[in-house]
Amino acid sequence: MAFLVLDRVRKEFGGSTAVEDFNLAVEAGEFVSFLGPSGCGKTTTLRMIAGFEKPSVGRISIGGRDITNARPNERNVGMVFQSYALFPNMTVGQNVGFGLKLKKVGREETQSRVNELLELIHMPDKGDSYPHELSGGQQQRVALARALAIRPQVLLLDEPLSALDAKIRDELRIEIRRIQRTLDITTIYVTHDQEEAMALSDRVVVMSRGVMEQVGPPFQIYNYPETRFVASFVGKLNQIPGVVIDSKTVQCGDERLQTTTPIEESPGTAVNVMVRPEELDIGAGEENQLVGVVESVNFLGAIVRVRIARGEQMITADLFNERLLELPEVEEAVTISFPAHACWVMKAN
Amino acid sequence: MTVTAPPVVIETPPAIATPVRAGAGSKVLAWVIMLAGVLYFFAPLVATGERAFRAIGRTFSFEAFRRVITDPEFLRTFGESVINAVATIVVSLLVIVPTAYWVTLKVPKLRSIIEFITLLPFVIPAVVLVFGLIRMYSRPPLAILGSYGSTRIILICAYAALSFPYMYRSVDNGLRAINVRTLTEAAQSLGATWPTIVWRVIFPNLRVALLSGALLTFAIVIGELTVALYLGQHTFGPFMSNLVRNFVAEPAALTILSFAMTWGAMGFISYLTRRQPGKRRMRRRP
Amino acid sequence: MTSLTSTSVEGQRPPRSWNWVGILPFLLFSSAFLLGPAIILLVRSLQANEGGWTLGNYRQLIDPQVLEAYGLSVRISIVTAVVGGVFGFLLAWAIIYGGLPRVFRSLLTTFSGVASNFAGVPLAAAFIFTLGRIGMITALFGFFGIDLYDSDFSLYNFWGLTVVYMFFQFPLMVLTITPALEGLKKEWKEASENLGATSWQYWRHVALPVLMPSILGTIILLFGNAFGAHATAYALTGGTLRLATILIGAQISGDVLQNQGLGYAVAMGMVLIMGLSIGLYTILQRRAERWLA
């Protein structure tokens, strides 16, 4: 049986529903992210696991024990907050050791555990510093150590990197994954940043308006999105309107596009052909081709983003940068191509 | 007059919805504390009201108020105090507003000195201040305290000095909130002249701050006793002070009036502060 | 007034800025009505009655009359500051974290604004009608057969004045401590619960230590508030209860100390004590801001 189980969990605030019919089974040692825009219910769900909110309906269990109605201080889950939430009156060491002090762990044992954790977060000599003397990134490391000190059954992280600079964010992201692997701790990670979710997780739960849209490994979520929301929220996506001809073909303006993913809609239905920008190539290809006029060329470093106008419609192509790449000119007429296996079809709304 | 912390009086803290998860025990405790506070707060008011409205026999009447209001001595002293309060506000504004504006705009380095001086009334109690004023202005070359009229000017200036902590904080907070430098420069770049800038740009944005400071000053000056007493001024404070030990119903009516005035001033300030546009609000994450 | 552009257009800053002249009116006014009087008292306190400089006036502060007045002022200030501080804190706690209806919060804030400024004659009068010899509460006690004035209590002695001072003391505590209490981050409570703390443990180990500089600072502010108060005590007792401020008042009217120099020293002593308490308050407040900001 799975380690952390959320079973038909639902949460209402006043009249509105924040989380609807949430079902999830997390294996021991697994790293799961809740991904979605703000207000999608991901933080509420995390707070229900921590015990700060009570589910209106449903059950939550950890390691087979029902904790639905347990108080937050009886659950033994570690939580890291977006705002660090370090206690300003305590040193780093006292912060990390606070949970152990409450558990009446002996002084020496507490000290050695604190040292062990400070070692783990690469801050062995900061034990006597106060939080306000540390940078944001350092504070969040300490917060992580504090949450881990009590040897929690589950680690919960609520947007832990959103308050940090881009560079520190990348560093700490790697660090979090390293520590999680080292300790093999079951982890739930809440974020609105899809790149973060992709880079860190074993599985991603994409949420929108309180509903789970899709659950799966990052590769699956990105390449095989099941709903329009997932498709457009995770990564960039071109949507080319057209009409179904048969189970493999869509008529888009003057061109016909092929897909290897079987089309379920009946012929004559208005649909969109979905294709990721990085699947597109400039120049003629063997399968699908579209013509248009280059609107803009943006050099972004590793990739070059070319926007192509096709009548009213705008299509984005991301080309990998290489020295021999020949960039198209603005207002130049170009052909873009992509293979049939790169695209799929979704019903137009 | 007592020392009060001005910033908190002027800035009513914005109502932030703090999620409260109070246990049953703490809820009972909270109610008990609140009840004790309410009883202590209201007992003197109820007792005073009882005296004021039952001047004759045991029946409800406005007799005490009628007697007070028709007392020529009351009218004279109260009128004098109102004029003093208004004059104090004018003097205080004339000194503080240009100074605060100038410091913010041109000499921010001197801010801490100004702040220090404006806080001195907290360090020099009114009774000590009036002591010093008498010693300073009763001997040549500054023997101003000879006539009632010139003493009155000293009184008003002393009140203005005592209002500095409230007035400066209020104006300074107002100036900080609107980013004077940018506003001034924007107005200049649009071709505004100096008087236009001050009158059309800065002043309208400071209205709430100025009104708050003025109202607080008014509430404090109107019944002030210590300075007026030792400067021999026949104002409302000394008048009330004499009555307290001589009559029963009349001072009760005066107390009710004073309380109503203070309440009115404070209520108006918190009303102004609350509806102030552009006040920074905490952004809450959903 | 000079034009703003005159300095910036020239491009080069003049070697010496005359901008400070703009605050001259303020400095002159403050010197005439705030600094000047204080300095005069300081100078006189350092002069012997017969002329010449001396510290003798300060040595005479051990005069029993003076010590008694200071002692009474200090005692009443400490008692009203501590009791008012604790009760004010509890009230602020009750409206913010006690789960009381929301109306109480704005009501108490406004009321505190009024009460903390409601000192002096009207306050004294209100308490005479309440706890004076024929006051309402006194009569109420009498109805139950208890004569308040049989005990040590009198509105016109130490305990009476303490009860009266509380009326402006704890509202001031409520006003100053409320922002600090509101500054406690919700996440601190959640983080400590998450680590296994009960509500009491959170208050004991986190909230109270974080608030302590604010609480101590405000209690010191309350001390100064009571220490410098004159009008209320004067209106209540007519000067019979010899506080330090009352003594100075008496000295102004008629040299009750029969020693002009000593009078100045007493006044400067007050300024010193007030200065120390305000200074301490400022330091503690700064520390509190570092934690709560």
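The axes of helix H8 (residues 158-182) and helix H10 (residues 199-227), both of chain C, come within 10 Å and cross at roughly 140°. H8(C) is therefore oblique to H10(C). The model is a predicted one. In chain A, 5 strands form an open sheet with antiparallel pairing.

**Helix pair H8(C) and H10(C)**

- Two packed helices are described by the angle between their axes and the distance between the axes.
- The crossing in which H8(C) passes H10(C) is right-handed.
- On the H8(C) side, the contact is made by Tyr165(C), Phe168(C), Gln169(C), Leu172(C), Met173(C), Thr176(C), Ile177(C), Ala180(C) and Leu181(C).
- These residues meet Trp203(C), Leu211(C), Ser214(C), Ile215(C), Thr218(C), Leu221(C), Leu222(C), Asn225(C) and Ala226(C) in H10(C).
- Sorted by class, the contact between H8(C) and H10(C) has 13 nonpolar and 5 polar residues, and no charged residues.

**Open sheet in chain A**

- The order of the strands in the sheet is S13-S12-S11-S14-S20 (chain A).
- Strand S13 (255-258) and strand S20 (344-347) of chain A are the edge strands, each pairing on one side only.
- From one strand to the next, the twist averages 45°.

**Pairing of S12(A) with S13(A)**

- Strand S12 (residues 249-252) of chain A is joined to S13(A) by 4 bridges, and the two run antiparallel.
- Cys252(A) has Glu255(A) in S13(A) as its bridge partner.

Technical notes: Residues are numbered from 1 along each chain as its sequence is written. Chains are lettered from A and ligands numbered from 1 in the order in which they are written. This is a predicted model: local features need pLDDT of at least 70, side-chain atom pairs count only at pLDDT 80 or more; totals for chains, interfaces and linings use all residues. Side-chain values use heavy atoms; hydrogens and water are left out. Two strands pair if DSSP finds at least two bridges between them. Axes are lines fitted to C-alpha atoms, for helices over the stretch in contact, and angles run from 0 to 180 degrees between N-to-C directions. Angles under 35 degrees count as roughly parallel, over 145 as roughly antiparallel, 65 to 115 as roughly perpendicular and the rest as oblique. A crossing is left-handed if the near helix is turned anticlockwise from the far one by less than a right angle, and right-handed if clockwise. Contact means heavy atoms within 4.5 Å. Ala, Val, Leu, Ile, Met, Phe, Trp, Tyr, Cys and Pro count as nonpolar, Asp, Glu, Lys and Arg as charged, and the others, Gly among them, as polar.
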